[in-house]
Amino acid sequence: MTEQQLLAEQFESHRGHLRGIAYRMLGSTSEAEDAVQEAWIRLSRSDTAAVANLRAWLNVVVSRVCLDMLRARRARREDPVDTVEPVVLADPDDNPAAQAELADSVGLALLVVLDTLAPAERLAFVLHDMFGVAFDEIATIVDRSPGAAKQLASRARRRVRGAAPPVDPDLARQREVVAAFLAAAQAGDFEALLKVLDPHVVFRIHAAPGDPRARPAAVGAEAVAGQVLAQGAPFAPLAEPALVNGGAGLMVRRGGRLLGAMGCTVSEGRITSMDLVIDPDRLPEPG
């Protein structure tokens, strides 16, 4: 085995970890793959003889790539801020390996909140709170002191806690609640919908720019139930359970084509947020 082949093999052993960082940083599966590939290019062109900890070195590289991408995204004011791409698994019961891989995935509702953070805040929060990276290391990436890096993460944490609803850790319970929601939607039962929706539920639609289906977020059980029945009637019969970003959700398929994927946040037996992605450019084929 050549030195380059050995390096490639070592990189592949870290690919899943790097993809997890990049997806949480960027909220986009396609951009995350681009960031990981760029990290490989930089690794293959570097002198790694002095690299004592390859995983830590790759953490820094992929984080810097993502930071540059976030800053460039913000600089392009004509581009939409909404970049959330779901990860969809059609039948988790038939694919336990894939389900296990998605078990610690970040939900769509949290990705929406992360999208509101400044790039450096997002990086500090993701690396420290989600991956346990020390502030000394984060400081070198954002070109600040360790204390300033800690403050970035603290500010981000306060915003996340204030905006991201808590999640029921019991996936089976999540699926029961989402199944009840789907049954009520398919039956056109307004009262049954109210029973499974939190009084302060938020329903967001992530659509392509210019899509006439795009609209401001609906807030409150009655408003959300009304929108689901009014706008979702043609699609309710096509909806089916799915695992979306590691949690219970729904997908809409017609003729083998994925038309939409909805991540649901379930807390204390009710749905507290729903994020429906209908932009075809951000919809993968479910695994």
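Residues are numbered from 1 along each chain as its sequence is written, and side-chain values use heavy atoms, with hydrogens and water left out. Because the model is predicted, local features need pLDDT of at least 70 and side-chain atom pairs count only at pLDDT 80 or more, whereas totals for chains, interfaces and linings use all residues.

Side chains of opposite charge can pair when their charged atoms come close. The structure holds 14 salt bridges, each being a side-chain nitrogen of Lys or Arg within 4 Å of a carboxyl oxygen of Asp or Glu. One of them joins Glu31 to Arg73, with the closest N and O atoms 2.5 Å apart. This pair links distant parts of the chain, since Glu31 sits in helix H2 (residues 29-44) and Arg73 in helix H3 (residues 54-75), 42 residues apart; helices here are DSSP runs of H or I with at least four residues, numbered from the N terminus. Glu31, at 23% relative accessibility, counts as partly exposed, while Arg73, at 9%, counts as buried, where buried means under 20% relative accessible area, exposed over 50%, and partly exposed in between (1.4 Å probe, protein chains only). Glu31 and Arg73 also belong, with Asp115 and Arg122, to a network of salt bridges.

Further along, Asp211 and Arg213 meet in a salt bridge at 2.8 Å, N to O; Asp211 is buried, with a relative accessible area of 15%, and Arg213 is partly exposed, at 34%. In the salt bridge between Arg282 and Asp279 the closest N and O atoms are 3.2 Å apart, and both Arg282 and Asp279 are buried.

Aromatic rings give a count of one pair, under a rule by which rings of Phe, Tyr and Trp (its six-membered ring) pair if their centres lie within 6.5 Å, with planes under 30 degrees apart counted as stacked, over 60 as edge-to-face and the rest as tilted. Phe11 and Trp40 form this tilted pair, 5.4 Å centre to centre and with 50° between the planes. Phe11 lies in helix H1 (residues 3-26) and Trp40 in helix H2, so the pair ties together parts that are 29 residues apart in sequence. Both Phe11 and Trp40 are buried.

Finally, Phe135, Asp136, Ile138, Ala139 and Val142 in H7 meet Pro146, Ala149, Lys150, Leu152 and Ala153 in H8, contact meaning heavy atoms within 4.5 Å.

Note on methods:
Helix = DSSP H or I, 4+ residues; strand = E, 2+ residues; numbered from the N terminus.
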